[in-house]
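This briefing goes through one protein chain by topic. Please keep the sequence and the model in view while reading.

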Amino acid sequence: MPMVFRFRMLSDENDRFVRDYEVRGDTTLLEFHRFILESLEYEECMASFFTADRLWNRQREFTLMDMGSDEGAPEPMEKVTLEQIVHRRHDRLIYLFDLFGDRAYYLELTEICDAEPEAGYPREIYALAEAPDQYDPSKIQTDEEDEESIFDEMMGDFREFEGDDNYDDE
């Protein structure tokens, strides 16, 4: 029976963002890339996966395009499966989805289990908060986007004095 890898994906742009995915071990990185794009409702883009150490330092790179067979060249995503690069809990991957902006998601293997016979993989099993905007990192989407902050609410009474240099304390 094939093994299933459960990953937790986080973003450094939105502290509330979390995705948990279950993916069969024989899934290629290219298939995983396409699934992530679909899950986040992103458009097709240039991307890379990296293996990472415990401190999230990038190690081996896997790219969409075949860069050749030179020593040290990144391997193509279509030729590498998850079970070839991920072996135990807490192994880490970095999914770089914006090469020019150096924006990425951070994936950690949280569990390895047997596949459920009737389940379809890959699948999203948990989602919290909206994904950061694919193109504009300054657009942090939150569930409370229209709510005024508590600071703004409390300071609202004092706005009438803004810019009034004629106000005298005496």
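**Helix 1 and its cover**

The buried residues of helix 1 are Leu 29, Leu 30, Phe 32, His 33, Phe 35, Ile 36, Leu 37, Ser 39 and Leu 40. Nine of the twelve residues of this helix are therefore buried, under 20% relative accessible area, and helix 1 is mostly covered. The model is a predicted one.

- Helix 1 covers residues 29–40, and at 1.5 Å a residue its twelve residues should span 16 Å. The C-alpha atoms at its ends are 16 Å apart, which agrees with that expectation.
- An α-helix has 3.6 residues a turn, so residues three or four places apart point the same way.
- Glu 41 follows helix 1 and has a positive phi, near 60 degrees.

**Overall layout**

- The chain contains three helices and eight strands. Read from the N terminus, the order of elements is β-β-α-β-β-β-α-β-β-β-α.
- The chain has 170 residues, of which 40% count as buried.
- The accessible surface of the chain is about 10,900 Å², and 45% of this belongs to carbon and sulfur atoms.
- Of the contacts between residues at least 6 apart in sequence, 60% join residues at least 24 apart.

**Pairing of strand 1**

- Strand 1 (residues 3–11) runs antiparallel to strand 7, and nine bridges join the two. Within this pair, Met 9 has Leu 107 of strand 7 as its bridge partner.
- Strand 1 also runs antiparallel to strand 2 (residues 18–24), with seven bridges joining them. Here Arg 8 is opposite Asp 20 of strand 2.

- Strand 3 (residues 48–52) is mostly covered, with five of its five residues buried.
- In a regular strand the side chains alternate between the two faces of the sheet.
- Both faces of strand 3 are covered: one side carries the buried residues Ser 48, Phe 50 and Ala 52, and the other carries Phe 49 and Thr 51, also buried.
- Four bridges pair strand 3 with strand 4 (residues 58–63) in the antiparallel sense. In this pair Phe 50 stands opposite Glu 61 of strand 4.
- Five residues lie between strand 3 and strand 4, which form a hairpin. Trp 56, in the turn of that hairpin, has a positive phi of about 65 degrees.
- Strand 3 is also joined to strand 6 by five bridges, and the two run antiparallel. Phe 50 has Ile 94 as its bridge partner in strand 6.

**Nonpolar cores**

- In soluble globular proteins, nonpolar side chains tend to be buried together.
- The largest nonpolar core has 30 residues, and those that touch the most other members are Phe 7, Phe 32, Leu 40, Phe 49, Tyr 95 and Tyr 105.
- Two or more residues of this core come from each of strand 1, strand 2, helix 1, helix 2 (82–85), strand 6 and strand 7. Helix 1 gives the most, with seven residues.
- Another core, of six residues, lies apart from the largest one. Its members include Phe 50, Ile 94, Ala 104 and Tyr 106.
- Which residues does Phe 49 contact, leaving aside its neighbours within four places in sequence? They are Leu 29, Phe 32, His 33, Ile 36, Arg 60, Glu 61, Phe 62, Met 77, Ile 94, Tyr 95 and Leu 107.

**Backbone exceptions**

- Most residues other than glycine have a negative phi, and most peptide bonds are trans.
- The peptide bond from Tyr 121 to Pro 122 is cis, with omega near -5 degrees. Pro 122 is in the loop between strand 7 (103–114) and strand 8 (123–128).
- Asp 102 is not a glycine, yet has a positive phi of about 55 degrees. Asp 102 is located in the loop between strand 6 (92–98) and strand 7, and is partly exposed, with a relative accessible area of 46%.
- Ala 129 is not a glycine either, and has a positive phi of about 70 degrees. Ala 129 is in the loop between strand 8 and helix 3 (150–155).
- Is Ala 129 buried or exposed? Ala 129 has a relative accessible area of 16%, and so counts as buried, the cut-off being under 20%.

Note on methods. Residues numbered from 1 in each chain as written. Predicted model: local features only at pLDDT ≥ 70, side-chain atom pairs only at ≥ 80, totals over all residues. Heavy atoms only, no water. Buried < 20%, exposed > 50% of the residue type's maximum accessible area, 1.4 Å probe, protein only. Contact = heavy atoms within 4.5 Å. Areas by Shrake-Rupley, 256 points an atom, 1.4 Å probe, with all protein chains shown as cover. Pairing = 2+ DSSP bridges. Expected span 1.5 Å × (residues − 1). Core = buried A, V, L, I, M, F, W, Y, C linked by side-chain atoms within 4.5 Å.
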